[in-house]
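Look at the structure below together with its sequence. Start with the whole chain and then follow the text from one part to the next.

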Amino acid sequence: MSEEIWIADDDRGVRFVLAEALRDAGLAVREFGDAESVREALRDARPALLLTDVRMPGEGGLALLNDLKARGVGPVIVMSAFTDVATTAAAYRAGAADYLAKPFDLDQAVAAVQRALADVPAAAAPPPAPVVPAHALLGESPAMREVFRLIGRVAASELNVLITGETGTGKELVARALHEESARRERAFVALNTAAIPSELLESELFGHEAGAFTGATRRYAGRFEQAEGGTLFLDEIGDMPLALQTRLLRVLAGGEFYRVGGRELIRGNVRIVAATHQDLDARVAAGLFRADLKHRLDVVRIELPALRQRRADIPLLAQHFLAAAARELKLPPKRFSKAALKAVAQRDFPGNVRELENLCRRLAVIAPGVEILPADLGGPAAAPALGDWTDALREWAALALADGESDIHARAREAMDHTLMQAALAVHGGHRQHAAAALGVGRNTLTRKLGASRTRRPSRP
Ligand SMILES: Nc1ncnc2c1ncn2[C@@H]1O[C@H](COP(=O)(O)OP(=O)(O)OP(=O)(O)O)[C@@H](O)[C@H]1O
């Protein structure tokens with residue numbers, strides 16, 4: 001076999017710097033401007049490794065990759081400026097050894113080549129699967145490119161994945177992308193927010209129950225594990241899972257079997273677990289609040305989502321996308337950001353991350369007066385209005401209700417007050433539950449529980 005590294009890229013500049021870097025690393029390099037000339041060269045030679053661009057005039061790099069894999073030539077590293085998840089995943093599915101998102105760091109490229117060469121003979125390439133539609137997961141910052149690369153790399157594997165990141169950074173979207181890029185995509189994606197369900201209901205929610213298993217269990221219920229059979233179970237806010245249930249979950253993950261609550265039938269599950277947390281799981285383990293062995297099982301591959309303020313390069317792209325999407329969804333005339341407004345948005349901190357940015361854009365789609373959004377439309381932090389005398393209204397309501405003979409008004413009033421305060425706090429803190437709870441002076445779990453014990457997904461977004 002030849003010891004040459006072949007580079008196929010129609011961009012002469014990329015070819016040049018890459019070839020130089022590889023030669024500096026002691027490798028022999030041959031350059032090609034398109035896929036056709038690679039094919040021609042293949043008639044009487046084989047590369048030790050091919051680095052190919054995805055988009056080239058004529059035949060693209062992915063077709064070349066498929067062809068080389070079919071002939072047993074490789075490894076192949078795919079390069080592309082087209083950094084969405086679908087391309088990355090398609091490249092890995094077609095058998096790419098690695099994926100380099102352009103512009104890449106030259107040291108990183110050389111390291112990828114050396115790694116791929118060291119891995120030869122590579123494992124048999126997985127059979128090419130049909131290309132799936134792209135995801136709504138957007139981003140062009142280096143940090144997000146790395147996330148896309150990781151998704152593409154691990155989606156097809158059966159490994160459990162732990163996604164970490166602040167609230168609203170897109171953890172659920174990443175979990176969905178992992179599911180959709182996997183062989184499980186035809187089966188269910190089931191999500192369960194551990195923090196949104198009272199702990200006493202969590203067990204039956206996860207594993208199901210038989211009729212009569214406990215008061216109120218009138219019929220058999222297939223839990224999330226069963227619902228996700230063959231597919232992916234997304235366990236959100238895993239850090240909030242009570243210890244007793246952690247023990248049970250660990251046993252299920254280790255044995256692959258479980259009983260429904262109150263059941264005798266042993267159920268064998270085939271479910272891929274993707275877990276997420278906004279908490280520092282290692283700190284929770286250290287504090288004795290999270291089982292180390294469970295963390296170990298969930299944290300096989302970790303995808304860390306940076307806060308939006310740590311990847312400001314993504315803000316304009318996301319903002320424009322959300323503004324257009326909101327106009328479409330709400331059937332409003334399309335608007336656009338002025339340059340200055342976009343700049344101002346990109347400078348904001350967004351403690352609620354992408355969700356907060358999305359909410360801001362929806363608000364702007366509705367309330368900004370002109371077609372072009374100006375910095376003044378963004379609105380700064382508004383001055384707090386004087387506290388209205390809501391107790392007068394409350395007194396009036398209570399008097400009428402009591403006069404009507406109602407007897408549970410304390411509970412109802414409290415619920416309404418809790419709800420109002422929490423919605424207000426969430427709106428101010430861009431949906432960030434922890435910040436909202438802290439601002440109100442209540443625990444985050446209390447807030448989540450009160451906002452919707454009956455809901456399994458996130459409570460309504462402001
Ligand atoms: N990279 C992205 N591209 C496009 N939309 C995004 C991206 N990241 C997040 N979003 C959107 O932002 C919102 C919040 O994302 P998501 O629910 O996935 O966050 P999360 O990290 O799971 O939040 P939480 O921790 O509060 O559950 C969603 O509406 C999602 O569609």
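Predicted model: local features only at pLDDT ≥ 70, side-chain atom pairs only at ≥ 80, totals over all residues.

The secondary structure of the protein comprises 20 helices and 14 strands. The protein has 462 residues, and 39% of them are buried. If we take the contacts between residues at least 6 apart in sequence, 73% of these join residues at least 24 apart.

A single position can now be followed in detail. UniProt, in an unreviewed entry, lists D53 for "modified residue: 4-aspartylphosphate". Where does D53 lie in the secondary structure? D53 belongs to strand β3, which covers residues 49–53. Is D53 buried or exposed? A residue counts as buried if 20 or more other C-beta atoms lie within 10 Å of its own. D53 has 26 other C-beta atoms within 10 Å, and therefore it is buried. When neighbours within four places in sequence are left aside, the residues in contact with D53 are A8, D9, D10, G61, M79 and S80.

After α3 comes G72, which has a positive phi, near 75°.

Helix α19, made up of residues 433–440, can be read in this way too. Which of the residues of α19 are buried? They are R433, A436 and A437. The arc they cover around the axis is only 95°, so these residues are on the same side of α19. The residue G441 follows α19, and its phi is positive, near 80°.

The last stop is the ligand. How many residues surround the ligand? There are 19, and the closest are T167, G170, K171, E172 and V354. Two elements each give two or more residues to this shell: α7 (171–180) and α15 (353–367). Sorted by class, the shell holds six nonpolar, seven polar and six charged residues. In terms of domains, at least three shell residues come from domain 2 (147–304), and at least three come from domain 3 (313–378).

Note on methods
Residues numbered from 1 in each chain as written. Near = placed C-beta within 6 Å. Helix = DSSP H or I, 4+ residues; strand = E, 2+ residues; numbered from the N terminus. Nonpolar A, V, L, I, M, F, W, Y, C, P; charged D, E, K, R; others polar. Domains from an automatic or database assignment. Buried ≥ 20, exposed ≤ 12 C-beta atoms within 10 Å, placed from the backbone. Contact = placed C-beta atoms within 7 Å. UniProt positions renumbered as here; feature names shortened; annotations may be inferred. Arc of directions from axis to C-beta.
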